[in-house]
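Subject: Structure handover

Hello,

Here is the structure I promised to pass on. Please open it first, then read my notes below.

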Amino acid sequence: METAANILSAFLLILGTLLSVIGVIGFIRMPDVYTRLHATGKVSVFGLVFLLLAMIFIKLDWAITLKGALLIFFVLLSSPSVAHSIASAAYKVGIPMANPQSRDELKQKLPQGKGKDV
């Protein structure tokens, strides 16, 4: 049982670290705030979740499992709303998209700022 938990935790550690590194690379490489949010909002969050799952399987203690499960719950609950709030704020203040020809679905729904106060 302990060997299987160690192998599973090692796999989750590698996967979580890999996803976190991909999220950081995406943050550095993406051209604007909207695409950077995609990299950090999805890939890095799942990297963090896998790292927390690895912590749970390493210790196999009920207190650590409860804390890890609560952290995973709150990260998964708050991350999409935080990313949405940052993207809405960026759109409202007028931060432009890297590709001006890209589809703008918020154009009729939300007034876009002029980008003067950025």
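Contact here means heavy atoms within 4.5 Å. This is a predicted model: local features need pLDDT of at least 70, side-chain atom pairs count only at pLDDT 80 or more, and totals for chains, interfaces and linings use all residues. Residues are numbered from 1 along each chain as its sequence is written, and side-chain values use heavy atoms, with hydrogens and water left out.

Start with S9. It sits in helix α1, residues 2-29. (Helices are DSSP runs of H or I, at least four residues, numbered from the N terminus.) S9 is buried, at 4% relative accessible area. Buried means under 20% relative accessible area, exposed over 50%, and partly exposed in between, with a 1.4 Å probe and protein chains only. Neighbours within four places in sequence aside, S9 touches A54, F57 and I58.

Next, α3. (The expected span is 1.5 Å times one less than the number of residues.) α3 bends by about 30° at S78. That angle is taken between axes fitted to the seven residues ending there and the seven starting there. A proline, P80, follows within four residues. The buried residues of α3 include G68, I72, V75 and A83. Helix α2 (33-59) is part of what covers the buried residues of α3. After α3 comes G94, with a positive phi near 95°.

Now the core. The largest nonpolar core has six residues: V45, V49, L52, I56, I72 and V75. α2 and α3 are the elements that give two or more residues to this core. α2 gives the most, with four. (A nonpolar core is a set of buried Ala, Val, Leu, Ile, Met, Phe, Trp, Tyr and Cys residues joined through side-chain atoms within 4.5 Å.) V45 is in contact with T40, V75, L76 and S79, leaving aside neighbours within four places in sequence.

Two more residues to look at. H38 lies in α2 and is partly exposed, at 47% relative accessible area. H38 and A83 are 45 residues apart in sequence, yet 8.2 Å apart in space, C-alpha to C-alpha. L60 lies in the loop between α2 and α3. Its phi is positive, near 50°, and L60 is not a glycine. L60 counts as partly exposed, at 47% relative accessibility.

Best wishes
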